[in-house]
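This briefing is for a reader new to the structure shown below.

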Amino acid sequence: MKLNKRIVIYSIILSGIIFFAFLSYNLFLLPGLYTDYRNNDLREKAAALHQDFVSQGNFDNLRMDHPTTTAGAVIDRHDQHIVLHHAYGHLNLTLDAPELIQWKDRLLTFVSDMVNGKEPEYKADDMSFKIPMQKMKDNVHGIRGLHAVRNQRPLPNEDTGRIEVKSLAGRNSFLLSAYHTEDTQYAIHLGVTITEDKVYCTYEAVAVATLSDIMPVLVKSLPMALSLTALIIWSASLLFSGSITRPVRRLARHTQSAAHATDTYEPSDISLRTDEIGDLSRDIDCLYKRLQTRYNRLADENERREMLLQATAHRLRTPVSGALLLTDGMTANVGKYKDRDRYLPVLRERLKAVSNIIEHMLRLEDKQTPEAVPVDLRSLLTPLLQLHADVQEVISVEGDGQFITDPDILGRILDNLITNAVRHGNPAGRIQIQLSDDVFSIRNTETQIPAEILRDITRPFVSREGDGHGMGLYLAAYDARRLNLVLTVRNVDGGVTVTLGKKA
């Protein structure tokens with residue numbers, strides 16, 4: 001499955017999860033949070049209104065959210081005087097009826113118990129506690145809005161609701177909130193503050209926020225809200241998937257073009273990114289460069305092998321043909337080849353030349369990993385020079401030194417160089433060897449390499465006409481490269497110098 005399709009599917013699944021989470025939040029959590037917030041807000045406003053009423057002593061110029069269901073009273077603690085306050089006026093009362101006086105005493109006892117933390121002696125069905133409004137109604141007329149006080153609902157009991165009490169500023173003030181849940185959803189907030197001379201009471205009846213109030217609004221708004229949410233998520237998913245898949249597709253096209261390219265690999269501009277896709281592009285660039293380096297190395301190696309095989313076949317043709325000719329002549333006793341004692345050594349030399357070429361070819365296939373150990377040049381040269389004891393008097397060695405390299409491969413290189421110097425040197429000349437750390441130099445005096453072959457002297461089968469088979473310096477240069485060393489051959493005044501040393 002394509003990456004962009006997979007991201008779209010993930011986005012659909014994510015949209016579904018968010019959809020159900022949003023739906024559950026709106027249907028089950030948000031309504032409760034809203035009703036709690038709304039009811040707490042109504043209670044805080046009732047407490048603030050009560051405190052303003054206590055400070056001012058009336059409702060004049062006070063902001064009331066429910067003026068028709070709000071009332072206040074200032075009760076004198078030392079006589080029977082009461083002032084009733086409403087948004088539309090106030091009423092001064094002097095209590096003389098025994099029922100009213102008894103009601104006042106019970107009210108003062110109730111609020112005192114509440115302030116002092118005692119359990120008030122109150123029952124919802126105790127009719128003697130209710131305000132005897134009929135007594136007042138018989139003697140009071142023409143006060144606008146008094147019906148709001150007359151028709152106040154009773155406080156709930158444990159079966160019809162719940163009561164909460166909150167202390168206000170000072171220990172002599174509290175707010176009693178009674179919530180009715182039996183039939184109609186409403187709350188009564190009764191604020192009471194006791195001073196030395198008076199008792200301030202405020203009464204506010206309000207409709208409380210319920211789940212049935214907010215649910216229809218939420219249900220109607222859900223389709224639009226959910227559609228908008230899905231649209232935002234879908235659009236964001238498309239943008240997000242595009243921001244990921246576009247550079248990935250570009251990177252895929254770049255790698256495809258690079259896979260078929262025959263010239264030098266060019267890094268992608270995606271490598272300039274600083275995110276994970278940029279890291280991937282840089283890793284691919286590094287991989288392609290390494291592959292290209294190895295490819296070029298293999299191509300060079302294959303070309304070298306092909307050239308070497310062709311040159312070897314050509315080089316072997318002459319000694320093999322000569323050896324066959326000698327063998328046939330001696331076998332048939334034809335002409336001069338009847339003298340076997342004379343031509344058998346010649347045949348041996350021809351076969352030895354073939355053997356040497358094959359041996360050198362096998363050395364080129366040596367894939368042993370070189371080791372790196374300290375190698376003393378003097379100690380390494382001693383057994384090699386003993387192989388040329390017959391020319392010991394023309395060889396001189398000066399200096400000391402060592403290489404940190406593979407002793408076996410280095411020994412083969414030095415053996416090749418000494419053998420080559422002995423074989424191709426002028427009998428009248430000398431062989432001078434100079435040693436130092438990481439440098440070996442050998443010089444043949446009284447000889448020169450022709451200029452036309454000097455440049456290619458380290459290539460296979462390049463030698464002076466009739467002088468060797470041209471593999472010595474090539475093998476020495478090949479082994480030097482394996483040891484990360486450089487072999488240089490140059491003509492100097494009065495001789496030829498071959499130097500083996502580290503790369504510059």
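**Cysteines and helix packing**

The structure holds zero disulfides. It is a predicted model.

Cysteines
- A disulfide is a covalent bond between the sulfur atoms of two cysteines.
- Cys201 has a relative accessible area of 8%, and because the limit for buried is under 20%, Cys201 counts as buried.
- Cys286 has a relative accessible area of 42% and is partly exposed.

Helices H8 and H9
- Helix H8 spans residues 377-386 and helix H9 spans residues 407-424.
- Their axes lie 10 Å apart, at an angle of about 50 degrees, so H8 and H9 are oblique to each other.
- The crossing of H8 past H9 is right-handed.
- On the H8 side, the contact involves Leu377, Leu380, Leu381, Leu384 and Leu385.
- These meet H9 residues including Pro407, Leu410, Leu414 and Ile418, along with Gly411 and Asp415.
- By class, the contact of H8 with H9 has nine nonpolar residues, one polar and one charged.

Helices H9 and H11
- Helix H11 covers residues 472-482, and its axis comes within 9 Å of the H9 axis.
- The two axes cross at roughly 155 degrees, and H9 and H11 are therefore roughly antiparallel to each other.
- H9 passes H11 in a left-handed crossing.
- H9 contributes Ile409, Arg412, Ile413, Asn416, Leu417 and Asn420 to the contact.
- H11 contributes Gly472, Leu473, Leu475, Ala476, Asp479, Ala480 and Arg482.
- Seven nonpolar, three polar and three charged residues make up the contact of H9 with H11.

Terms used: Residues are numbered from 1 along each chain as its sequence is written. This is a predicted model: local features need pLDDT of at least 70, side-chain atom pairs count only at pLDDT 80 or more; totals for chains, interfaces and linings use all residues. Side-chain values use heavy atoms; hydrogens and water are left out. A disulfide is a pair of cysteine sulfur atoms within 2.5 Å. Buried means under 20% relative accessible area, exposed over 50%, partly exposed in between (1.4 Å probe, protein chains only). Axes are lines fitted to C-alpha atoms, for helices over the stretch in contact, and angles run from 0 to 180 degrees between N-to-C directions. Helices (H or I, at least four residues) and strands (E, at least two) are DSSP runs, numbered from the N terminus. Angles under 35 degrees count as roughly parallel, over 145 as roughly antiparallel, 65 to 115 as roughly perpendicular and the rest as oblique. A crossing is left-handed if the near helix is turned anticlockwise from the far one by less than a right angle, and right-handed if clockwise. Contact means heavy atoms within 4.5 Å. Ala, Val, Leu, Ile, Met, Phe, Trp, Tyr, Cys and Pro count as nonpolar, Asp, Glu, Lys and Arg as charged, and the others, Gly among them, as polar.
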